[in-house]
Amino acid sequence: MKKKEGWIQTLLSFALPCRGKMTVSVLFAIISVAGGFVPYLGVYQIIRMFIDKNITTAGLLQWCGVCLSGYAVQVAFYAFSTMLAHISAYTILDGLRRKVADRLMYASLGTVMSKPIGTLKSTIVDRIEDIEPPLAHMIPELSSNVLLPVIVAAALFTLDWRMGLASLATVPVALIPMAVGMKTYNSKYAGYMAANANVNSIIVEYVEGIEVVKAFNQATSSYEKFAGSVRSFRDFTMEWFKATWASMNLCLSILPTTLLAVLPVGILLYRSGDMAPAKLALCLMLALGIVGPLVKATTFINVCKSMEYAVQDTRELLDMEELPEAKHPAQLHGSNIILKDVSFSYTGKTQEGVLHHIDLEMLSGTFTALVGPSGCGKSTVARLIARFWDVTEGAVSIGGVDVRDIPLKQLANQVSFVTQDNFLFECSLKENIRLGKPAATDEEVFAAARAAQCEEFISRLERGWDTPAGDAGKQLSGGERQRIAIARAILKDSPIVILDEATAFTDLENEDKIQQSILALSKGKTLLVIAHRLSTIQNADQIVVLQKGEIVDRGVQKELLSRCPLYQKLWQAHVGSKHWAVGAEAIKIKEEQAYV
Ligand SMILES: Nc1ncnc2c1ncn2[C@@H]1O[C@H](COP(=O)(O)OP(=O)(O)OP(=O)(O)O)[C@@H](O)[C@H]1O
């Protein structure tokens with residue numbers, strides 16, 4: 001089994017495309033730190049001039065200039081270092097988001113759908129963003145905050161090893177309460193992240209389900225659930241804070257007390273004649289210089305931890321298994337679709353199978369309809385043809401080639417899938433239709449929309465074709481949204497069209513328009529309709545009746561009506577529902593009863 005790599009290794013692999021810029025950024029940070037050290041030396045020389053009574057204006061100006069130059073180098077290189085670190089950080093973030101998006105595209109739909117939408121959103125938007133501050137700030141800041149005390153301590157040891165030791169004397173003392181506070185840090189941080197994820201998912205559920213919440217008057221109980229999770233998040237963080245604030249504050253109070261040891265040692269050395277006053281002044285200045293950066297470095301502990309989680313969550317998405325893909329374009333012969341002894345289970349376990357030994361042939365240019373009770377596996381058949389999942393047993397082929405041997409892009413060009421969701425993207429209606437063929441001219445888009453019977457309702461909208469889908473979505477009926485999706489598929493003009501009908505029931509006018517748009521879409525194509533409205537499939541070349549994942553009969557409508565009890569039942573239910581359509585009240589009742 002492949003050994004799981006550590007998060008730092010993973011982060012470094014993310015940073016690989018920017019390794020040049022990152023290295024230069026670190027180098028600049030080091031130069032900046034070295035520049036920051038120069039003023040200490042300048043001040044030391046000035047103090048020496050005073051003590052030796054050797055003060056000259058030129059000497060003073062010279063050392064002031066040295067101090068200023070050192071400071072200028074520190075500031076300028078720090079700015080360059082942060083700039084490079086930011087450019088690298090955003091380039092890395094951009095690359096990561098693209099890679100995750102690619103993974104979502106090439107992983108099986110099942111793998112993607114097994115991740116809660118809240119988790120996907122929070123990883124792609126928030127968690128990846130969490131990697132930016134550490135990358136952009138930690139490199140220059142951490143390198144200076146760690147490197148500067150190290151250089152200063154080394155300088156102190158060089159000047160006098162006793163002063164060097166004294167300057168570090170309080171550090172181990174400060175580390176004791178810190179170690180106590182950090183004892184449960186990993187488990188507490190994990191708990192914090194879990195509580196945070198819980199709040200996130202409850203917020204997403206609350207917002208996404210707001211329609212149901214309102215419809216079923218669940219505002220109070222849903223709000224309580226939401227408020228409860230926020231409360232428990234607050235309680236958890238408060239408890240953690242209470243448990244650690246004393247030790248962490250103790251650590252932060254002890255860390256800056258370097259003078260407590262340096263001052264007495266320095267005075268003793270001075271009195272014994274081992275240390276000149278100028279050297280003592282320099283040692284005291286240097287000792288003070290250790291404190292600030294060290295305290296700042298402790299704040300990076302949390303930043304590192306949040307980055308660890310962000311890197312791991314991102315890695316998890318990047319590790320999603322991709323569907324194995326053929327490398328070379330396949331030679332397809334027509335657009336026949338053949339399912340040969342196909343069995344399928346969403347879980348991969350045979351005993352939980354949804355389809356059992358399906359043999360089905362759809363010839364090029366013919367119209368096939370799949371009917372059957374709800375949950376019998378109609379949509380699953382369609383998804384296997386579009387290779388949203390791979391079959392568990394058997395094979396699906398298009399144009400004589402197993403779909404697993406057709407590159408995904410080529411397959412996507414072969415098949416138009418109009419699903420029940422009729423998802424509209426956040427752009428204008430015109431652009432939503434153009435998604436079917438990005439290079440299409442406006443005229444081609446309008447022609448497709450006309451063929452899909454969209455023109456009339458789009459012209460009713462104030463901004464017409466340019467209405468943003470979000471605004472339009474609120475004003476469009478389910479049937480109208482479906483016609484937009486059909487227009488998209490007409491424009492795509494692929495040889496195979498799969499239509500998963502949206503609703504079991506629609507008003508007669510809408511049904512007629514949908515019928516006309518399907519007719520325009522399916523001219524000369526291999527058409528597969530997952531039928532909920534049996535009136536739309538009466539003229540199908542073959543109607544396939546599914547029950548519990550098995551084909552129970554197939555034929556044209558006339559044949560099935562004469563011999564297939566299940567089809568007769570479905571037809572009766574459909575015809576019955578038509579009668580109910582007379583009154584608006586009745587429509588509601590029948591919608592609840594419709595089970596096809
Ligand atoms: N992503 C999934 N993961 C696990 N099980 C699923 C998934 N999608 C569907 N199923 C199950 O597979 C079975 C067949 O579902 P499918 O959607 O193919 O039925 P259908 O005949 O199209 O139903 P409907 O007419 O209600 O749309 C059902 O029992 C369903 O619960």
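## Helical spans listed as transmembrane

Over residues 71-93 the chain is 100% helix and 0% strand, with the end C-alpha atoms 32 Å apart. The structure described here is a predicted model. The UniProt record, an unreviewed entry, lists residues 71-93 under "transmembrane region", together with residues 26-51, 165-185, 250-270 and 276-295. Residues 276-295 are 95% helix and 0% strand, and the end C-alpha atoms of this span lie 30 Å apart.

## The chain as a whole

The protein chain contains 25 helices and 10 strands. Of its 596 residues, 31% are buried. Among contacts between residues at least 6 apart in sequence, 80% join residues at least 24 apart.

## Helices H3 and H14

Helix H3 comprises residues 57-106 and helix H14 comprises residues 300-318. The two helices pack at an angle of about 35 degrees, and their axes are 9 Å apart. On the side of H3, the residues that meet H14 are Leu-96, Lys-99, Val-100 and Arg-103. Their counterparts in H14 are Thr-314, Leu-317 and Leu-318. By class, this contact of H3 with H14 consists of 4 nonpolar, 1 polar and 2 charged residues.

## His-137 in helix H6

Helix H6 spans residues 132-159 and includes His-137. Is His-137 buried or partly exposed? His-137 has 16 other C-beta atoms within 10 Å. A residue counts as buried at 20 or more such atoms and as exposed at 12 or fewer; His-137 is therefore partly exposed. In sequence, His-137 and Ala-89 are 48 residues apart, while in space their C-alpha atoms are 9.3 Å apart.

Strands of a sheet pair through backbone hydrogen bonds, in either a parallel or an antiparallel sense. In this model, 6 strands form an open sheet with mixed pairing, in the order S6-S7-S8-S3-S9-S10. Strand S6 (415-418) and strand S10 (550-555) are the edge strands, each pairing on one side only. On average, neighbouring strands of this sheet are turned by 15 degrees against each other, direction ignored. Helix H21 (residues 478-492) packs on the sheet, where it touches S6 and S7. The direction of H21 makes about 175 degrees with that of S6.

S6 and S7 pair in the parallel sense over 4 bridges, and Phe-417 stands opposite Ile-498 in S7. Strand S7 (residues 496-500) also pairs in the parallel sense with strand S8 (residues 526-530), over 5 bridges. Here Val-497 has Leu-527 in S8 as its bridge partner. In a regular strand, side chains alternate between the two faces of the sheet. In S6, Val-415 and Phe-417 point one way, and Ser-416 and Val-418 point the other way. All of these four residues are buried.

## Surroundings of the ligand

Which residues lie around the ligand? They are Gly-110, Met-113, Tyr-346, Val-354, Gly-372, Ser-374, Gly-375, Cys-376, Gly-377, Lys-378, Ser-379 and Thr-380. Helix H4 (109-113) and helix H15 (378-385) are the elements that give two or more residues to this shell. The largest share, 3 residues, comes from H15. Divided by class, the shell holds 4 nonpolar, 7 polar and 1 charged residues.

Technical notes. Residues numbered from 1 in each chain as written. Predicted model: local features only at pLDDT ≥ 70, side-chain atom pairs only at ≥ 80, totals over all residues. Pairing = 2+ DSSP bridges. Axes fitted to C-alpha atoms, helices over the stretch in contact; angles between N-to-C directions. Contact = placed C-beta atoms within 7 Å. Near = placed C-beta within 6 Å. Nonpolar A, V, L, I, M, F, W, Y, C, P; charged D, E, K, R; others polar. UniProt positions renumbered as here; feature names shortened; annotations may be inferred.
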